[in-house]
Amino acid sequence: MKYNEISHFSHPQHRLKPGYTEVPFKCDGCKEVGIGSNYKCTSCNYDLHVHCAIPSPSIIHPFYTKCSFQFMARPPGPIARYCNACEKAVSGFVYHCKLCGFDLHPCCAKLPTMLDDGQVELYLYRKVASACHRCGRKGRSWSYRSRCKKYNLHVACVKEMLVESWHEIYFDRGGAKVNFSGDLYGKNGTFETRIPSLKGTLESYHQNRQSKGKVKKCCEMAGLAMQFVISAVLGDPTTLIAGVVGSLMSK
């Protein structure tokens with residue numbers, strides 16, 4: 001689908017142009033990390049996820065059938081709020097249910113219920129009984145799990161992986177540096193785009209369950225599947241972001 005330039009209430013001084021980037025960006029709407037398809041003001045270095053640039057006024061999510069989520073430009077009320085999908089803080093655009101008090105980041109609200117990398121089909125669950133490959137815990141946040149139940153990754157853990165990879169992000173806004181939970185630039189100014197390898201975690205998880213050869217194959221498939229999960233959480237589930245995600249199993 002081809003998007004045209006748009007006017008957006010959050011940045012009325014300029015029109016936003018559709019684009020695509022393999023460089024991670026901070027969404028100026030929801031304040032979360034993004035990659036891939038976006039809307040951008042090149043004059044002001046202002047970026048929005050597609051989900052934040054063209055939000056639905058209201059949504060109903062299959063996990064919360066009794067809720068009606070309304071799009072809001074800022075979190076309601078004076079207390080800190082957290083996304084029910086990823087458990088991370090809400091500090092910008094949000095979908096909020098007044099009846100239940102639930103909150104969802106725009107990208108979390110629009111996470112695909114199924115991802116297919118050509119070899120493994122991954123399904124989104126509100127809760128799963130199996131342990132996450134990343135943290136080894138059950139429950140917690142929403143998870144993507146394969147049909148065969150061999151691969152499982154919390155949405156919260158995906159975001160933590162990004163935070164660990166990008167410790168600090170500095171954006172120059174009129175001379176002021178703004179920091180948020182992620183890191184695009186290192187302290188020496190070098191651009192950092194490597195997402196941590198899950199090789200050790202995956203091998204430990206499968207070591208006692210399969211032979212050495214099967215462990216390697218299993219981990220390779222899990223790595224490919226998780227790349228699609230990461231792309232989806234970053235706001236663009238339609239393509240694997242090869243330039244940044246690369247191979248989770250490379251190191």
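1. Ground rules. The model is predicted, so local features need pLDDT of at least 70 and side-chain atom pairs count only at pLDDT 80 or more, while totals for chains, interfaces and linings use all residues. Numbering starts from 1 along each chain as its sequence is written, and side-chain values use heavy atoms, with hydrogens and water left out.

2. Overall make-up. The protein has 6 helices and 16 strands (DSSP runs numbered from the N terminus: H or I of at least four residues, E of at least two). Of its 251 residues, 49% are buried, meaning under 20% relative accessible area with a 1.4 Å probe, protein chains only.

3. The β1-β4 sheet. Here 4 strands make an open antiparallel sheet, ordered β1-β2-β3-β4; strands pair if DSSP finds at least two bridges between them. β1 (6-8) and β4 (46-49) are the edges, each pairing on one side only. Between β1 and β2 (residues 11-26) there are 2 bridges, and I6 sits opposite L16 of β2.

4. D103. This residue belongs to strand β10 (residues 103-104) and, because its relative accessibility is 2%, counts as buried. Its side chain makes a polar contact with the H96 side chain at 2.8 Å (N or O atoms within 3.5 Å; within protein, one able to donate a hydrogen and the other to accept it, and sequence-adjacent residues count only if both atoms are side-chain atoms). Beyond neighbours within four places in sequence, its contacts (heavy atoms within 4.5 Å) include F69, R81, Y82 and H96.

Note on methods
Buried means under 20% relative accessible area, exposed over 50%, partly exposed in between (1.4 Å probe, protein chains only).
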